[in-house]
Every structure is written in structure tokens, then in C-alpha cells.
Amino acid sequence: MPRISEINGVDFDGVNHPYVPPEQLRISPKLKLHGDWDREVDPITYEVVRHNLWQINEEHGATIQRLSGSPVAMYALDLNPSLLTENAEFVYFGPYMQYMSGVTDTQVKWTLEFRSDNPGIHDGDMFLANDPWVGAAHQQDVMLLCPVFWKDELFCWVTNCLHQYDIGGITPGSFCPSAESAYDEGIMLPPIKIIEGGEIRRDIEAVYLRASRKPQLVALDFRAQMAGNTTARNRVLELIRRYGPQTVKGVMKRIIDNSEKSFLEKMKRIPDGYWQDRTYIEACRPGDRRTHRVQLQLRKEGDRLVFTNDGTADQEGAMNATYSGWRGAIMVAVTELLCWDQYFAVGGALRHIDFDPTPGTLNCANFPASVSTAPIQSMEISLYPAYNVLSKMIYPDAEMRKDIMCIGGTSQWPATLFRGVDQWGERYGYLLIDPIGGAIGAFSHADGINTGGQSRTPICQLPNIEHTEQSFPILFLYRKELPDSGGAGKYRGGLSAESCFIPHNTAHIVQDTLSSGNATPTSSGMMGGYPSTTNAYMFYRDTDILERNARSKMIEDISEVRGSEEVLQLRQENFVQHQADVYAVRWTGGGGFGDPLDRAPEDIDADLESYAITPQAAQNIYGAVLDAKGRVDPAATAARRRELREALVAKHGKRGRVREGSLLCEASANLHVRRDAQGSYWACAKCSTDLGPSTANYKDGCLHEALPVSASNPLIGDPGRFIDDAVTFRRFHCPGCGAQIDNEIAVAKDPVLADIAVTP
């Protein structure tokens with residue numbers, strides 16, 4: 001395995017470095033690490049100290065949130081603290097923005113290797129870092145790394161990361177949609193000692209703040225981070241004084257060992273295999289009308305997992321992420337699906353996971369690629385397929401199956417970057433936070449959660465409209481959940497929402513759009529479940545909204561206003577919204593799980609009553625028959641569903657044969673692996689129809705339909721508004737009973753995806 005310093009022959013220029021195990025770190029002999037701990041800690045002490053360490057991490061994040069003046073920290077919770085051992089193994093993430101912490105260990109390891117000799121790592125020091133080729137998600141995510149010493153030995157690290165308001169670049173707010181390289185973006189700092197002996201180094205701070213359009217706000221953010229680290233460090237030292245360093249370190253090591261033990265126990269229950277997912281990013285720069293493929297593979301061999309990104313498009317434009325961003329994104333899904341029972345303690349699992357992407361791809365970009373938009377594009381598009389491959393991996397185990405979670409809302413964030421002069425005459429730049437309301441995708445046994453936030457930020461919350469209006473010169477006209485926005489399925493994905501506003505107490509707002517997932521659904525369903533709606537921008541110029549407001553006639557939907565509709569492109573820059581121009585943004589919902597024709601009639605009735613779906617969707621997607629009162633007729637619905645499936649089989653004229661083999665593995669909700677005298681084969685879970693040898697792609701043995709992508713969700717419009725590639729909704733059905741085995745969203749020229757290969 002190459003060393004961090006050996007990649008491209010330089011310390012940090014172009015680094016896409018692999019995970020370096022703690023024992024392989026090259027640390028200066030000047031730095032003494034605390035390596036003495038109790039191998040045996042009594043259970044009560046262990047639980048008390050373990051929970052205290054978790055509370056320290058939570059208090060750490062809350063301190064930053066309270067002290068920072070930024071709405072990004074207060075409302076978006078775009079921050080996260082971490083606690084690591086002396087040699088940079090994770091003890092805990094915080095419960096805020098998960099993928100921020102997912103790259104912290106790479107920053108700390110780099111600091112240990114390249115700063116322990118010169119300028120040295122000492123008690124009272126803190127290091128500022130935001131270089132994406134060392135370990136940040138993007139330049140705006142600024143980390144502050146704090147070593148904690150006990151009697152001249154480095155005991156552990158407390159760290160935090162906070163999305164800064166503006167750290168430079170060609171666009172206010174530092175999201176730079178038209179950037180062609182990192183040189184067009186904000187300042188990049190590899191770990192640099194900004195606090196020495198407890199004192200801020202004013203020379204370093206001046207360099208850091210000089211790039212910002214809002215240096216006072218960035219300085220306040222930095223001090224909030226400093227306070228968070230100081231609070232956490234003091235709490236750790238109090239714990240050491242109370243229980244002793246060997247006991248506290250022993251608890252830290254056991255947390256990691258226990259998370260490893262839990263992970264290995266789960267690996268024993270899961271068959272080896274290979275799982276793959278594919279999705280797309282649209283528009284890598286202004287004017288681009290292409291789709292850019294993103295693929296993720298997961299291979300399980302014994303107790304090891306290997307993630308790769310073979311087939312992913314080359315880096316280009318302003319949509320890229322670095323190795324650290326890709327790895328950090330995947331670690332979110334690993335933590336939530338495999339380590340949730342360990343309080344976000346992923347350190348033990350990481351001992352058995354390899355990340356092996358191809359450099360030069362859009363989610364493992366080489367320096368100096370543009371990466372400032374990474375978290376809302378390439379990192380999101382790397383994170384959510386990880387839910388799919390991991391969920392399919394754990395499905396064969398009946399107990400772990402309960403942990404499956406489909407892709408959630410804002411799988412691509414529809415960014416609205418607005419700026420101008422606010423109600424106090426001050427210049428500002430901001431990102432609309434509302435899409436953090438997101439949605440939670442369906443589970444294997446239950447519906448998803450409407451506007452349930454984002455799974456990557458477990459404690460996130462939808463911002464209060466009044467707070468946004470107080471901080472910025474806008475007036476909301478409505479914010480509402482959207483019927484049919486959740487992916488259809490046996491279990492429905494959570495609904496998303498839409499926000500609509502106009503400028504207020506200002507002459508105009510200058511806006512940029514920055515999005516993907518507007519033409520091609522990115523919140524795909526799973527095991528027959530359908531995708532959710534796409535993102536959408538809606539813009540009407542010169543409307544009658546001011547007249548309506550004067551008459552106290554509020555609108556419930558943007559379509560009610562009279563005005564000139566303008567189709568906004570996905571990276572449209574510098575368009576001006578005047579006081580009578582109405583703007584709305586819709587974000588994706590959660591993907592569905594299982595065949596929609598398997599949804600229980602009583603669940604469809606509940607959806608209709610709560611306006612989660614429309615009657616048209618109930619009939620056209622779920623195959624429901626409604627009576628005169630608009631309620632589902634169970635008997636008529638069952639008959640219609642049989643007719644639909646029988647007609648599908650008859651249309652294709654291909655009737656499969658049933659083989660009476662023994663069950664080897666439940667590979668998915670609708671797919672089994674069976675064996676008879678002729679060997680192992682794929683079989684429909686409903687009727688046991690043979691779908692071909694288990695060494696082949698089961699989809700080759702299915703009936704195949706290619707439909708317009710709009711058939712997958714009622715709210716999806718024509719992809720041709722944004723992209724030139726044809727996109728199709730492929731459905732795969734059992735040739736015996738017509739049940740839907742799976743589906744996929746694909747660019748028409750791409751081959752059918754082989755998503756599952758298991759070795760029972």
C-alpha cells in the first residue's frame with residue numbers, strides 16, 4: 001500500500017490517499033503517544049465512561065451551534081464533532097452532518113505524519129484544515145483539530161468541522177458552479193497550526209480570513225469551533241482525572257473493539273457476494289446537457305468489504321469530489337446500516353473495509369479539480385447508492401433486514417444560491433436550507449417518513465420560516481408537502497416538500513441554481529419499489545403576486561399566479577428575481593420498497609385520506625380500484641392486479657418454468673437463490689419460476705419493459721428540458737406470475753445492470 005507521502009510524490013498536492021492503518025503511521029519521535037490502557041474495565045465503569053464520552057461529543061457540537069452566528073450552523077446543523085484515539089482511530093462521530101466526520105481521521109493521520117516533527121504537536125495547539133486532498137469534504141468545510149495531552153503524552157484528539165459562511169472563490173458563499181479548477185474556488189489550507197499554546201496565531205488567522213467576503217462571520221465561526229474543542233478537551237481531562245488515564249483509554253479502545261466485534265458478527269451472518277448500483281449526475285458546468293454516470297460496487301469476502309467505483313465518469317467541471325469525500329460519504333451509510341447499534345462508533349468496522357476507487361473519476365478527482373460543490377453533488381451521489389448496495393447485502397439475514405433503508409430525500413440537493421443587499425443595507429450570500437427537510441426512504445417493513453430530514457444528518461430539522469425571513473430579505477408564500485412525491489412501493493417512501501418565496505424589503509435578489517436529479521430520479525426505489533420525484537425549480541416573472549398579497553389572497557401553489565414562466569437550467573447563474581417574481585424549489589422524496597402492486601388496500605386508503613397520494617396514482621401505479629366514495633375496493637383491486645400481471649405475461653408470450661429446488665438464500669424481497677439436481681438458480685420469490693443460473697444476471701431471465709421515466713412517478717416531467725440523453729424506466733417481471741422483481745432508472749444506451757451476485 002503506498003504511503004500518504006508517496007502519492008504523486010508530494011505531501012498534499014493531488015493526494016487521493018488510501019486509508020492508512022494506525023500502526024503504519026510514521027510519527028516523529030519528538031511526539032510521545034499515550035499507549036497504556038486497562039485491558040479489563042468493570043462493566044459499570046465502562047458504561048458510565050462510554051456514555052460520558054458520547055455526551056462530550058454531543059456537548060461539543062451543541063457548543064458550536066450556540067456560539068456560531070451562522071444560520072448554517074444554527075439551522076442546517078452543517079457541522080460535526082469527532083473523538084479519536086491518539087493514533088486517529090474513531091471513537092465516536094457526532095450526530096450532526098455525518099460525512100464531515102467521515103474524513104476526519106484522514107486529516108488527523110496526515111497531521112501526525114507531517115506536523116509532528118515541524119512545527120510539532122504540543123499541548124494547547126490546534127490545527128486548521130480544509131484541503132479536500134488531505135481530508136475535507138470541500139473547501140467550505142473547515143476542520144479544527146485539537147490534540148489532548150495528559151502529562152506530556154498525546155492522549156486523544158477532539159476535532160470538529162463546520163461549513164464556513166464564505167471562504168473565497170469566484171461566487172459569494174464559495175459554492176462555485178462555474179469553477180473549472182480549485183484555483184477558481186476558496187482558499188485551501190492543509191493542516192496548519194492556528195492556535196499555539198492556547199493562543200490564536202494572528203498571522204495565520206489573518207491569512208485565513210483574508211480570502212473571505214465576510215471575515216467577521218468566519219472569525220466568529222472559528223471561535224465557536226475553538227470553544228467546542230476547548231469544551232470537549234476540558235471534559236475529557238475531567239474524565240481522566242476522575243477515572244484515570246488507563247481506564248478512560250481502556251474504554252475508548254473497548255468501544256472500538258466492541259464495534260469491531262459487532263461488525264464481524266454481522267459479517268458471519270451474511271453470504272459473500274457482489275452488489276452494484278448505478279445513478280447519474282447532470283450538468284457538470286453551465287450549459288452542459290449531459291449525464292455523467294456514477295457506479296458503486298461492494299464486494300464481500302468473509303469479514304472484509306471492498307468498495308470500488310468502476311465505470312464512474314471522469315472528473316469534469318465543478319461537480320467533483322476527492323477520495324476523502326467519496327470515502328466519507330460511503331462511511332455514512334456504513335455507520336447507519338452496520339454500526340447504528342454502536343452509537344456511531346465506526347472505528348472497529350473500518351479495520352475490515354477497503355476503499356479502492358479509480359483516481360481521476362468525478363468522485364475521486366485529482367488535483368486541481370473543482371470540488372467546492374462536492375457535498376451537494378458528487379458526495380451525495382456517492383452516499384445514496386451505498387444505502388442500496390449495503391441494504392441488498394444485508395437482506396438475506398432476516399434480523400438485519402429490518403435495518404434496510406431506501407434512499408432518502410435530497411439525494412441531490414437543489415441548491416438555491418442567493419445574494420445581494422439585505423434589509424439592513426448589508427451585502428450577503430446564502431444557500432436556501434429548506435431542502436434539509438428531505439424525506440426518509442421506505443424500510444423493508446414500513447413506510448418512510450414524510451419530510452423526515454436527511455439520514456446523513458440524524459438530528460437535522462427543517463428551518464423555521466420566520467427565522468429565515470428574519471435573517472434574509474425574502475418572504476415565504478408557502479411551504480408544503482407534496483402528494484405523490486414519495487416513491488411508490490409495497491412500502492412507500494417519505495414525501496418531500498416545496499418552498500416558494502419572493503424578495504422582501506429589497507429591490508431584487510441575484511440567484512444561481514446548482515442542482516442535479518432534475519431530469520433523472522436519484523432517489524431510486526429498491527427491490528421493485530419506485531423512485532421518488534425529481535428536484536424542480538419553478539420561476540414566474542412579472543406576476544400578480546403583489547396585488548394578491550394586497551388583497552390578502554394567499555396562493556397554495558405557484559401555478560396559481562399569473563405571469564411569464566421561465567424554465568431555469570440546472571446551473572443557471574446570475575438571474576435576477578424582482579419583487580413581483582415568484583420562485584419555488586421542490587426536492588426529492590424517499591424511494592419506495594417492493595412492488596407497488598403488493599401494497600395493502602388499507603395502506604392505500606390511509607394514503608388517500610392523508611393526501612400522500614392522489615387517486616390517479618392509486619389507480620395507475622398501485623392498481624387500486626376505487627368505489628364511489630373514493631375508497632379502495634379490496635376484492636376488485638385484487639382482481640385487477642391479477643389481470644395486470646397476467647396481461648403482462650401474455651403480452652410477452654414467455655412463460656417461465658417452475659423448478660422445485662431447495663431454498664439457499666433470500667437474495668431480495670422478490671428473488672431467491674435455489675438449488676436442485678441441475679445446480680443453483682435464481683427464482684421468483686412468489687411462484688418459484690426459474691430465472692436462470694445464479695452465476696448469470698437474474699434480469700436476463702425476466703420479462704423486460706422499457707417505459708418513459710415519467711411513468712415511475714407522477715411528478716416527474718420531461719428530462720429533455722435539461723439533458724440530451726434519453727432516460728428510461730426499466731421494469732423486470734417474473735415470466736411466471738408477472739410480479740415485478742426489480743426496476744432501474746438508466747440512460748437508454750447503458751446496459752442492464754447486474755446488481756446482485758450472492759454466494760450462499
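**A walk through the predicted model**

Both faces of strand β26 are covered, with V727, F729, R731 and H733 buried on one side and T728, R730 and F732 buried on the other. β26 spans residues 727–733, and because 7 of its 7 residues are buried, the strand is largely enclosed by the rest of the structure.

β26 has strand partners that can be followed in turn. Strand β25, residues 703–708, pairs with β26 in the antiparallel sense over 6 bridges. Within this pairing, L707 stands opposite F729 of β26. Strand β27, residues 740–747, also pairs with β26 in the antiparallel sense, over 7 bridges.

Another hairpin is formed by β1 and β2. Strand β1 covers residues 79–85 and strand β2 covers residues 90–93; the two run antiparallel and are joined by 3 bridges. L83 stands opposite Y92 in β2. There are 4 residues between the strands of this hairpin, where A88 has a positive phi near 75°.

Strand β15, residues 497–503, contains S499. S499 counts as buried because its relative accessibility is 0%, where the cut-off for buried is under 20%. The side chain of S499 makes a polar contact of 2.6 Å with the side chain of D434. With neighbours within four places in sequence left aside, the contacts of S499 are D434, F476, Y478, R479, Y583, A584, V585 and W587.

T506 is found in the loop between β15 and β16 (508–514), but T506 is buried, with a relative accessible area of 10%. Apart from neighbours within four places in sequence, T506 is in contact with V421, P473 and Q579. The C-alpha atoms of T506 and T159 are separated by 40 Å, and these two residues are 347 residues apart along the chain.

A positive phi is also found at Y611, a residue other than glycine, where the value is near 60°. Y611 is placed in the loop between α13 (601–609) and α14 (615–620). At 63% relative accessibility, Y611 is classed as exposed.

Two cis peptide bonds can be described next. N118 and P119 are joined by a cis peptide bond with omega of about 15°, and P119 lies in helix α4, residues 104–120. The peptide bond from F367 to P368 is cis as well, with omega near 10°. P368 is found in a loop, between β11 (353–355) and α10 (378–394).

Rolling a probe the size of a water molecule over the atoms shows where empty space is left. How many cavities of 30 Å³ or more are there? The count is 4. The largest cavity holds about 270 Å³ of space. It is lined by 21 residues, and those closest to its centre are D78, H163, F175, L431 and I433. Strand β13, residues 427–431, gives the most to this lining, contributing 3 residues.

Terms used:
Residues are numbered from 1 along each chain as its sequence is written. This is a predicted model: local features need pLDDT of at least 70, side-chain atom pairs count only at pLDDT 80 or more; totals for chains, interfaces and linings use all residues. Side-chain values use heavy atoms; hydrogens and water are left out. Two strands pair if DSSP finds at least two bridges between them. Buried means under 20% relative accessible area, exposed over 50%, partly exposed in between (1.4 Å probe, protein chains only). A polar contact is a pair of N or O atoms within 3.5 Å; within protein, one must be able to donate a hydrogen and the other to accept it, and residues adjacent in sequence count only if both atoms are side-chain atoms. Contact means heavy atoms within 4.5 Å. On a 1 Å grid over the protein atoms alone, a cavity is a set of points where a 1.4 Å probe fits but cannot get out, and a pocket is an open set with protein on both sides within 12 Å along at least five of seven lines; lining residues have an atom within 4 Å of a point. Grid points are joined across faces, edges and corners, and a volume is the space filled by probe spheres set on the points.
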